[in-house]
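Me: Please take a close look at a single part of this model and describe it in one connected account, giving the cut-offs of the terms as they come up.

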Amino acid sequence: MPDGSVPVLEVEGLTTVFRTRSGAVHAVNDVSFDLRAGELLGVVGESGSGKSVTMMSLLGLLPRPPAEVRGGRVSFEGADLLTLGEERLRSVRGGRIGIVFQDPMTSLNPVFTVGFQIMEPLRRHLGMTGAQARNRAAGLLELVGIPDAARRLADFPHQFSGGQRQRVMIAIALACEPKVLIADEPTTALDVTIQAQILELVRDLRRKLGMAIVWITHDLGVIAGIADRVMVMYGGQVVEQAPVRALFADPRHPYTRALLGTVPQLRGRRAGRLRTIEGQPPILRAPPASCPFAPRCAHVTERCRRENPRRRPVAPGHDVACHWSPPGAGDGDG
Amino acid sequence: MGEPAPLVEVRGLAMHFPVFRGVLRRRVGVVRAVDGIDLTIAEGETLGLVGESGCGKSTAGRAILRLCEPTAGSVRLEGTEVTRLAPEPLRRLRPKMQMVFQDPQASLNPRMTVAAIIGEPLVEHTAMTRAERIARVEALMDAVGLNRAFANRYPHEFSGGQRQRIGIARALALNPRFVVCDEPIAALDVSIQAQVVNLLEDLQDRFGLTYLFISHDLSMVRHIATRVAVMYLGRIAELAPRDALYQRPLHPYTQALLSAVPEPDPEIEARRSRIILSGDVPSPARPPPGCRFSSRCPQAMPVCREVDPAFREVERGRFVACHLYPETPTAEPAAARAAPARAGAPSASDAPARSVT
């Protein structure tokens, strides 16, 4: 590690395949990354890039079948989550690893009070009694900025607004003071002004609680504002990984470069015409033998169609899976 | 008037939905989804209509095309009053005004082939022969960048971006003058959004189209729109030429909205100061008294909670419904200075715009 901090979660060679009626889909292909204590790792990619499936795989949350985790290691607190039994895995999820999903409407149970749902992990993982759990639940709701928290424990999810429900989800995820929080598009379903509230809350909670966070999103703006480090996924692979400023200032992968070029800006010069990435993201029916971005890449060569590039370091903490180098880029690889 | 008459003119448009409750289905209130909006759209321009979910922007688009019956107000298309037109003349007007829907999955009939979907308006509204229709469908598929060899395929065989192209081809089949695009890119991935937006711009140039572009994506609206209207809780809070609105938003809601949009630049993100609004948007069934935004406005004054501010021109071409701005200085050209007279307003609006030290 360049900064010497310890990884709390290490993923190596994670590979997930879905067996569907129309054949296998290779959704996650040899994904490796680590998450260091206290950092926020942003995971960007379009739908189908494998970002959510990667996280669901390592948490054992995919239905099997059709999903099949074919290989890899996920080290967390001295154990490999992939070989941990369902029972022990369940004690990790919601306990040491908190999870926030995209849609707060569907991930809260409509027939239980919000208080019950926040207290459930406290009872289950921490063995708290009713009164203890109630106190702590009220504290958590207050922490995530819900006014009149103690009284609102008795309310049902439908009595909360969309933004408040996402706050409740965050309170549940934080209940057992997790070491790692995995947030899958937690603000995508929210309006911008509400998203701004949630992002502010997360910044604040990080200062207070210092947990490590994996934040999955397709929104480059959100990533720019919240992440320390970014991992870009395409076709079930990590194509680039860098500290946030390096990624935006000096993107190396043609996909990252193109992606940054397609989003219009809120200020500055207006582009006459938006840059596009022609074509479609791939659906991988076989393990990738070539670069998955090759069919859409502006810098494609024969080699890209023959050989799937491996990730190689280009700068401290910055690696890219690409055969091509931008002109003038000082590469660490020959 | 020095300027040409607008293609579309909307005055006091309102769309209220009654709320019924109980076994007797008694009417217990109304949802004021759109509650009196004024706007004009000039020929060939793109008016962006932005706002958060539930602000009434989609309902406004549908009411303008009379896809629902407005409660009050007037909509004129090339001088024809749309809201009071009888069914048959309305049907004859339909080819001139079309819509592109948000969800190409839900707005295309899964049992119809692409050719049948794009050709359906031609069957309804023209006397074309089958051969003429096929030729027209193929021309439309070319225009929107769909391979005409796929004319006999079904919507599910296409990707999201391609399905949106089908929806656009259908909207263009009858050579409309005016097209309402209701969140046409919201369901698409970022790399596909740019493709569809470029297509809409190309088609506008080629066919002289006029767009009402409804979106919650302020960055994309800045790219595509010539003027922008910002809606909040059934009303237009501010309407202004694009650059003026983004450089110097007048309404505190526009200021908050722009400052909330995350920008894909870590340097800007680290330095910008945000206006974080507290609370949520109130229900359109029970809007707050006075200004609709007063319950969340960081600059609210006592008058804001009592008097509903009029939507009026405060600078040439700039309309705003806010008590912070003095009455109509339109007559005076120097009025550009008048707006930021109050101390709070300009500093809040400039802070997010000036990110560098």
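Reply: In chain B, eight strands form an open sheet with mixed pairing, in the order S6-S7-S8-S3-S9-S10-S12-S11; strands (E, at least two residues) and helices (H or I, at least four) are DSSP runs numbered from the N terminus, and two strands pair if DSSP finds at least two bridges between them. The model is a predicted one, in which local features need pLDDT of at least 70 and side-chain atom pairs count only at pLDDT 80 or more, while totals for chains, interfaces and linings use all residues. Residues are numbered from 1 along each chain as its sequence is written, and chains are lettered from A and ligands numbered from 1 in the order in which they are written.

Strand S6 (97-100) and strand S11 (312-315) of chain B stand at the edges, each with a single partner strand, so one side of each has no neighbour in the sheet. On average, and with direction ignored, neighbouring strands of this sheet are turned by 25° against each other.

Within this sheet, strand S8 (residues 210-215) of chain B is mostly covered, six of its six residues being buried, where buried stands for 20 or more other C-beta atoms within 10 Å of a residue's own, exposed for 12 or fewer, and partly exposed for the range in between, with C-beta atoms placed from the backbone. Both faces of S8(B) are covered, with Thr210(B), Leu212(B) and Ile214(B) buried on one side and Tyr211(B), Phe213(B) and Ser215(B) buried on the other. Strand S3 (residues 46-50) of chain B runs parallel to S8(B) and is joined to S8(B) by five bridges; Gly48(B) has Phe213(B) as its bridge partner, and Val50(B) stands opposite Ser215(B). Strand S7 (residues 178-182) of chain B also pairs with S8(B) in the parallel sense, over five bridges, and here Phe178(B) stands opposite Thr210(B).

Most residues other than glycine have a negative phi, and most peptide bonds are trans. Asn175(B), in the loop between helix H5 (160-172) and S7 of chain B, has a positive phi of about 55° although it is not a glycine, and with 12 C-beta neighbours inside 10 Å it counts as exposed. Leu233(B), in the loop between S9 and S10 of chain B, has a phi near 50°, again positive in a residue other than glycine, but Leu233(B) is buried, with 25 other C-beta atoms within 10 Å.

H9(B) lies across strand S9 (227-232) and strand S10 (235-241) of chain B, running at about 100° to S9(B); angles run from 0 to 180 degrees between N-to-C directions, and axes are lines fitted to C-alpha atoms, for helices over the stretch in contact. Helix H8 (192-209) of chain A is among the elements that give two or more residues to the side of chain A that touches chain B. H8(A) and H9(B) (residues 252-260) pack at an angle of about 55°, with their axes 8 Å apart. The two helices are therefore oblique to each other, since angles under 35 degrees count as roughly parallel, over 145 as roughly antiparallel, 65 to 115 as roughly perpendicular and the rest as oblique. In their contact, Val192(A), Thr193(A), Gln195(A) and Ala196(A) of H8(A) meet Ala256(B), Leu257(B) and Ala260(B) of H9(B), two residues being in contact if their C-beta atoms, placed from the backbone, lie within 7 Å.
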